[in-house]
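Dear colleague,

Please find the structure below. A summary of the findings follows it.

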Amino acid sequence: MDIIQVVGIGLIATILALILKEQKPMFAFLLATVTGVIIFLVVIGKISEVIRVLEKMAAQANLNMIYLDTILKIIGIAYIAEFGAQVTRDAGQGAIASKIELAGKVLIMVMAIPILSLIVETIVRLLPS
Amino acid sequence: MGMNVDAIFQIAGMGIIVAMIHTVLKSSGKEDWANWVTLIGIIVVLFMVASYINDLFQEIKRVFLFK
């Protein structure tokens, strides 16, 4: 029942942040960041189990490992970018948050280009010339 | 898990204590000392937060990026 732990951590941290916000907003912000990190660390263990299963399935299907690698990297970039953007937006810097999201999107696109070009090549080969 | 939750309480406690010291020093007329205490408290907490974020990034690298 990890969800109960996560919700408990979130509620306690929210109350503490509300108390701190009146005195020192900086500490409230740092507290929120650490809470995000901790909840993520609780969840990431579960994700890694799922990913191991996916890897095994891909190996059984004789899939090229580069595809799975790329997809997992894209998921990782998405998570990190989302985390950073939300923390930054929480601190009131919406512009920086938007730029972090932009950087995440661009990097994801760069990683996806090889797969995209492969798909286009395959389609071109399938087409009757 | 237990160690993780401790960090939240540590940071909240640091914040409350620093705010208290700040108020006490300010009311006794030592404004500059109060500001120094706040600054040092923020630096200490920032250090802790930085190490936690480092943990998070290492974990994400381990899980998603295989390196």
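A residue is called buried when its relative accessible area is under 20%, exposed when over 50%, and partly exposed in between, using a 1.4 Å probe and protein chains only. By that criterion, buried residues account for 29% of the 129 residues in chain A and for 33% of the 67 residues in chain B.

The model is a predicted one, in which local features need pLDDT of at least 70, side-chain atom pairs count only at pLDDT 80 or more, and totals for chains, interfaces and linings use all residues. Residues are numbered from 1 along each chain as its sequence is written, chains are lettered from A and ligands numbered from 1 in the order in which they are written, and side-chain values use heavy atoms, leaving out hydrogens and water.

Chain A contains four helices and zero strands, where helices (H or I, at least four residues) and strands (E, at least two) are DSSP runs numbered from the N terminus. Its radius of gyration is 20 Å, whereas a compact globule of 129 residues would have one near 14 Å; the radius is taken over C-alpha atoms, and the globule rule is 2.2 Å times the number of residues to the power 0.38. The C-alpha trace of chain A spans about 70 × 35 × 15 Å along its principal axes.

Chain B has two helices and zero strands. Its radius of gyration is 17 Å, well over the 11 Å from the globule rule for 67 residues, so chain B is more spread out than a compact globule. Its C-alpha trace spans about 55 × 25 × 10 Å along the principal axes.

Yours sincerely
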